[in-house]
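Please open the model in your viewer and keep the selection tool at hand.

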Amino acid sequence: MPKTVLSGFAHNFLGNAPSWYKQVIILFLIANPLIVWTLGPAVAGWVLVGEFIFTLAMALKCYPLLPGGLLAIEALLVGMTTADAVYHEVLVNFPVILLLMFMVAGIYFMKELLLVTFTQILVGVRSKSALSLLFCAAAALLSAFLDALTVTAVIISVAVGFYSVYHKVASGKGYQHADHNANSDEQVIELHREDLDKFRAFLRSLLMHGAIGTALGGVATMVGEPQNLLIAKVVGWDFASFFLHMAPVSLPVLVAGLTTCWLLEKLRWFGYGARLPKPVRRVLEEFADNERVKRTKADQAALWVQALAALILVIGLAFHLAEVGLIGLLVIILITSFTGVTDEHQIGKAFQESLPFTSLLVVFFAIVAVIHEQHLFKPIIDFVLSLPKDQQPGMFFIANGLLSMISDNVFVATVYISEIKQALDAGSIDYAHFQELAIAINTGTNLPSVATPNGQAAFLFLLTSAIAPLVRLSYGRMVIMAFPYTIVMGTVGLLSVIYLV
């Protein structure tokens, strides 16, 4: 415990982050003004971008909103950008903020329907290859119309529920037993330990297939990932036109991704292929049957309301009946009104997942404002645009993909789409070529970024979730299991951008 007020400040700064991480952030904050005054704001801007990417890459040490926010505030104070410029960036991208605020929260109230869907898939399909394919395809379909982060959250909920059920049984308890610590294997009966290890490997593979599925579907539509809507708004695409423009890349990648899923299960490479032990299946089937019997008429009515809201959501998005975020708000109002969720605190829980990332997105826009004010990316954009026209989309795909692997794909997409929009406004490129580059940027940030948990919010959410330590899903293991998908999706995506766009 801190013994002085000064040590108390040091202890409180960035909370439980490692001491070395705190010292690095303090070093950044001290160095930045000195760099501005000695080397100029342009050099300081590049340093700031590097520092911000560092906070994104170290997201497991501390949520990037805090150190990234401090860096953004300092950039404002030393004159690298202005509050008006930041406000302009936020205002231009307000539809994306609406999406995160209301759409993610709206899907939260559809979790029961999604849980029932994935539960039925898990206990109803016996072939592991078919089950993995269904998980991946279902996650892709849902992410195309809903939100990748929420779909991942549902898959995690299913996995945690089933893991806890079997862990209780393996510990000699009934699955209805309330007081049980699923994090400890001390009480696990020796006879069940091998089955428990196989079950962990089984769940790991399903979780990774599901997470990859959210990327496969998320790239295809303007609501699949936050940056998709941002790109769609800048280019002027609605839901249908976005899908059609992405289809030459997203559909071949979808086929390649699902084929990879099936092959990995058959070949049992990269940690895939584990089967569900028969004793575990019997326990899970019994549990699912018990849950079905316990479901009341009110529960069934709530599921029907959620299904109807999902249909309204799909129709609203397909025909662009309103701004995406407002359709999300409509879903919130309909489901809560007709399922009896009337307490303010119950409703508030729905916004817990979305608002931290919404706040981080505003910090993104502050860093983007610095990039624009200092014209940091103009030389890079000018270089790419000086290449032969047919080479430019492929180069943008590669540049975005590599940066998205170590950083966050929303930040990368925000920077690049803003820069090529400036090139369009300046007359350097025509609108048709601008659309081609936008396709390359969207697919480049969505597909290769599956390589690491840093690249996509859904992957980072999986790594930091309750299920990851239970099934022994570490950062390194995620990178290894994502590797074949990264190669296939990145290669097929690049070839599609070069030859089909």
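Select H433 first: H433 touches K389, Q392 and P393, not counting residues up to four places away in sequence, where contact means heavy atoms within 4.5 Å. H433 lies in helix α21 (residues 431-446); helices (H or I, at least four residues) and strands (E, at least two) are DSSP runs, numbered from the N terminus. With a relative accessible area of 3%, H433 is buried. The classes are buried under 20% relative accessible area, exposed over 50%, and partly exposed in between (1.4 Å probe, protein chains only).

The model is predicted: local features need pLDDT of at least 70, side-chain atom pairs count only at pLDDT 80 or more, and totals for chains, interfaces and linings use all residues. Residues are numbered from 1 along each chain as its sequence is written, and side-chain values use heavy atoms, with hydrogens and water left out.

Next, select D425 and K421. The closest N and O atoms of their salt bridge are 3.0 Å apart. Both residues lie in helix α20, four residues apart, about one turn of the helix. D425 counts as exposed at 57% relative accessibility, whereas K421 is partly exposed at 26%.

Remain in helix α20 (residues 409-425), where A423 is found. Is A423 buried or exposed? Its relative accessible area is 8%, so A423 is buried. Leaving out residues up to four places away in sequence, A423 touches L385, S428 and I429.

**The nonpolar core**

Select F199, F396 and F411. Of the 158 residues in the largest nonpolar core, these three touch the most other members; such a core is a set of buried Ala, Val, Leu, Ile, Met, Phe, Trp, Tyr and Cys residues joined through side-chain atoms within 4.5 Å. Helix α17 (residues 355-374) gives the largest share of this core, 12 residues. Centre on F396: leaving aside neighbours within four places in sequence, F396 is in contact with I381, V384, L385, Y416, I420, L437, A440 and I441.

Move to L462 in helix α22 (residues 457-463). L462 is buried, with a relative accessible area of 1%. Its contacts, not counting residues up to four places away in sequence, include T152, I156, L207 and M478.

**The two domains**

Colour domain 1 (1-80) and domain 2 (81-500) separately; these bounds come from an automatic or database domain assignment. Their centres, taken over C-alpha atoms, are 29 Å apart. At the boundary, 22 residues of domain 1 are in contact with 29 residues of domain 2.

Select W262, L263, L267, W269, F270, I480, F483 and I487, which make a nonpolar surface patch of about 770 Å². The elements giving two or more residues to this patch are α12 (239-267) and α24 (475-500). Patches consist of residues with over 30% relative accessible area and no salt bridge, like charges being joined within 9 Å and nonpolar side chains (Val, Leu, Ile, Met, Phe, Trp, Tyr) within 5 Å.

Finally, select E265 and R275, whose side chains meet in a salt bridge (3.8 Å, N to O). E265 is in helix α12 and R275 in the loop between α12 and α13 (278-294), 10 residues apart. E265 counts as buried at 0% relative accessibility, while R275 counts as partly exposed at 32%.

Definitions and conventions:
Areas by Shrake-Rupley, 256 points an atom, 1.4 Å probe, with all protein chains shown as cover. Salt bridge = Lys/Arg side-chain N within 4 Å of Asp/Glu carboxyl O.
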